[in-house]
Structures are given as structure tokens and as C-alpha cells.
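Reader: Before I use these labels, I would like to see what each one rests on. Please show me the model.

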Amino acid sequence: MGLTLPFKTGLMAATLGLGAAMLTPASAEDIVPGATGPNDQPVLTFIGKEPPGTRCNNNLQVAVQVANTYQVPIQILSASMVEELPAPAVYYGDQLIAADGADFNGMSSYQMVADMLEMDGVPKHESVGLIGNEKVNKEFTDLQSIIKTGGK
């Protein structure tokens with residue numbers, strides 16, 4: 001018995017600890033671009049290669065930062081779930097933020113995503129998540145540097 005697409009999406013998000021929204025799409029075409037969550041709020045979607053490389057890992061770190069700051073549904077998909085789309089890629093609803101071979105060659109940044117969320121009026125959490133803790137933030141920043149340089 002295989003896993004259903006919504007279950008795979010939720011399982012992947014739960015594994016990464018991002019608390020991503022559980023979407024119940026009818027088909028792959030419904031999950032990106034244009035995915036919506038509660039109250040038709042656009043979903044922030046990260047698509048990663050298998051196995052993830054530098055750009056995909058960077059995008060996952062961006063997802064962590066966004067989840068610690070904004071009240072936005074997030075879904076993280078592996079490329080095999082949406083084979084017709086480029087990977088890595090980042091979408092906010094139906095708006096492309098970054099994609100392999102296109103905008104920013106698939107690598108996003110917190111500021112790119114935050115700017116889009118701010119323009120759309122996405123509310124922030126009342127307090128910043130663990131990323132706001134000084135010690136955690138330093139370790140997180142160090143990890144981001146290692147990922148961007150490929151451990152060199």
C-alpha cells in the first residue's frame with residue numbers, strides 16, 4: 001500500500017519539523033503553483049532535488065527562518081512528487097520566487113521570501129521562534145555558511 005500525496009507532504013514536513021500545512025490536493029497540478037491553505041492563503045512551497053544539494057539545503061534553511069517568523073503555510077516537496085516542475089524551486093502561491101535554470105537558479109534567500117510575504121501582508125508570529133535565540137541563531141548561521149560553501 002503506497003502513501004497518498006497529502007500524507008507524503010505532511011510526513012516530509014513533519015520530519016523536517018516545520019509544522020507545514022497539511023494540504024489535501026486532488027492531483028500534483030493542485031499543489032504547485034497556486035497552492036492555497038486555510039482561508040485561501042497562498043502556500044509557500046519549496047521543491048528539492050533528491051538527494052538535496054547546496055541550493056536545496058539552503059532553501060530548507062530559508063523555510064526554517066520563515067516558519068520562525070511568519071504565519072504562512074509551508075509545504076516541502078521532493079522533486080519526484082512534482083516531476084514536471086524544476087528543482088530546486090520556491091513558489092508563493094502561484095508566484096515563482098526561484099527556480100533551477102530560471103530566477104536565481106533555484107536558490108532563495110530569507111529576504112527574498114520575506115519581501116514577498118510583507119508585500120502580501122502575511123502576519124508575523126507574536127514572538128520569533130528558536131531562531132531568535134542568540135546561541136541558536138549563531139549555530140544556525142554557522143550551519144548556513146557550511147551549506148553554502150559545501151563544507152569547505
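Author: Two strands pair if DSSP finds at least two bridges between them. Strands (E, at least two residues) and helices (H or I, at least four) are DSSP runs, numbered from the N terminus. The model is predicted: local features need pLDDT of at least 70, side-chain atom pairs count only at pLDDT 80 or more, and totals for chains, interfaces and linings use all residues. Residues are numbered from 1 along each chain as its sequence is written, and side-chain values use heavy atoms, with hydrogens and water left out.

Reader: What makes the sheet of four strands an open one, and in what order do they stand?

Author: The order is E2-E1-E3-E4, with mixed pairing. Strands E2 (74–78) and E4 (95–99) are at the edges with a single partner strand each, so one side of each has no neighbour in the sheet. From one strand to the next the twist averages 15 degrees.

Reader: How do you know that E3 and E4 pair?

Author: Strand E3 (residues 89–92) and E4 share four bridges in the antiparallel sense, and the criterion asks for at least two. Tyrosine 91 has leucine 96 in E4 as its bridge partner, and valine 90 has alanine 98. The two strands form a hairpin with two residues between them, and glycine 93 in the turn has a positive phi of about 60 degrees.

Reader: Why is a set of residues called a nonpolar core?

Author: The name is used because its members are buried Ala, Val, Leu, Ile, Met, Phe, Trp, Tyr and Cys residues joined through side-chain atoms within 4.5 Å. Buried means under 20% relative accessible area, exposed over 50%, partly exposed in between, with a 1.4 Å probe and protein chains only. The largest such core has 18 residues, and Leu44, Phe46, Val66, Val72, Tyr92 and Leu117 have the most contacts inside it. E1, H2, E2, E3 and H3 each give two or more residues to this core. Apart from it lies another core, of twelve residues, including Ile47 and Met81.

Note on methods: Axes are lines fitted to C-alpha atoms, for helices over the stretch in contact, and angles run from 0 to 180 degrees between N-to-C directions.
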